[in-house]
Amino acid sequence: LAGNAGLGKSSAADVVAKDLGYNKVEFNASDVRSKKGLEQKIVSMASNKGILQFMGTKGHKGATVLIMDEVDGMSGNADRGGMQLLIKIIKGSHIPIICICNDSA
């Protein structure tokens, strides 16, 4: 999802996930999204349909969706290698992944 800041992209993703019965796991700019950080947090999740069990969450039914918010901010030294790994994760994922960014215009 792409659009102007404040448009409601994150809210729309939340509503769609809830409406379709998905359990939501979200990472945004305040989370570590370097290659190492993504490997530790997301690689196993995206290849595992039981993501909430992986995270220790019990009692949830339904599939899981991973929401990666503010992906346009994945650059610089703090997030080094993260975007390339995210693309690789998306290609091999067994769960839906929603990426959200602001328009650059």
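**Group meeting: surface, cores and a salt-bridge network**

The protein chain exposes about 6,400 Å², and carbon and sulfur atoms supply 52% of it. Keep in mind that this is a predicted model. Of the 105 residues in the protein chain, 33% count as buried.

Now the layout. The protein chain has five helices and five strands. Along the sequence, the pattern reads β-α-β-α-α-α-β-α-β-β. Look at contacts with a separation of 6 or more. Residues 24 or more positions apart account for 78% of those in the protein chain.

Next, the inside. As background, nonpolar side chains in soluble globular proteins tend to be buried together. What does the largest nonpolar core look like here? That core has 15 residues. Phe-27, Leu-38, Ile-42, Leu-66 and Met-68 are the ones with the most contacts inside it. Which elements give two or more residues to this core? They are β2, residues 23-27, α3, residues 43-46, β3, residues 64-68, and α5. Of these, α5 gives the most, with three residues. There is also a second, separate core. This one has six residues, including Ala-13, Val-65, Ile-98 and Ile-100.

Let's stay with α5. Helix α5 covers residues 82-92, and its buried residues are Gly-82, Leu-85, Leu-86 and Ile-89. Why do they sit on the same side of α5? Because they cover an arc of only 105° around the axis. Turn to the face away from that buried side. There you find the exposed residues Gln-84, Lys-88 and Lys-91.

Now the charges. Side chains of opposite charge can pair when their charged atoms come close. How many salt bridges does the structure hold? Two. Take Lys-24 and Asp-14. Their side chains meet in a salt bridge at 3.0 Å, N to O. This pair links distant parts of the chain. Lys-24 lies in strand β2, Asp-14 in helix α1, residues 9-19, and they are ten residues apart. The other pair is Glu-26 and Lys-24, with side chains meeting at 3.4 Å, N to O. Put together, Asp-14, Lys-24 and Glu-26 are linked in a network of salt bridges.

Are these residues buried, exposed or partly exposed? Lys-24 is partly exposed, because its relative accessible area is 39%. Asp-14 has a relative accessible area of 29%, so it is partly exposed. Glu-26 also counts as partly exposed, at 29% relative accessibility.

One backbone point before I stop. Which residue other than glycine has a positive phi near 60°? Glu-70. Where is Glu-70 found? In the loop between β3 and α5. At 33% relative accessibility, Glu-70 counts as partly exposed.

To recap, there are three items to look up on screen. One is the largest nonpolar core, with its 15 residues. Another is the network of Asp-14, Lys-24 and Glu-26.

Note on methods:
Residues are numbered from 1 along each chain as its sequence is written. This is a predicted model: local features need pLDDT of at least 70, side-chain atom pairs count only at pLDDT 80 or more; totals for chains, interfaces and linings use all residues. Side-chain values use heavy atoms; hydrogens and water are left out. Buried means under 20% relative accessible area, exposed over 50%, partly exposed in between (1.4 Å probe, protein chains only). Helices (H or I, at least four residues) and strands (E, at least two) are DSSP runs, numbered from the N terminus. The arc is that of the directions from the helix axis to the C-beta atoms. A nonpolar core is a set of buried Ala, Val, Leu, Ile, Met, Phe, Trp, Tyr and Cys residues joined through side-chain atoms within 4.5 Å. Contact means heavy atoms within 4.5 Å. Accessible areas come from the Shrake-Rupley method with a 1.4 Å probe; for residues, only the protein chains shown count as cover. A salt bridge is a side-chain nitrogen of Lys or Arg within 4 Å of a carboxyl oxygen of Asp or Glu.
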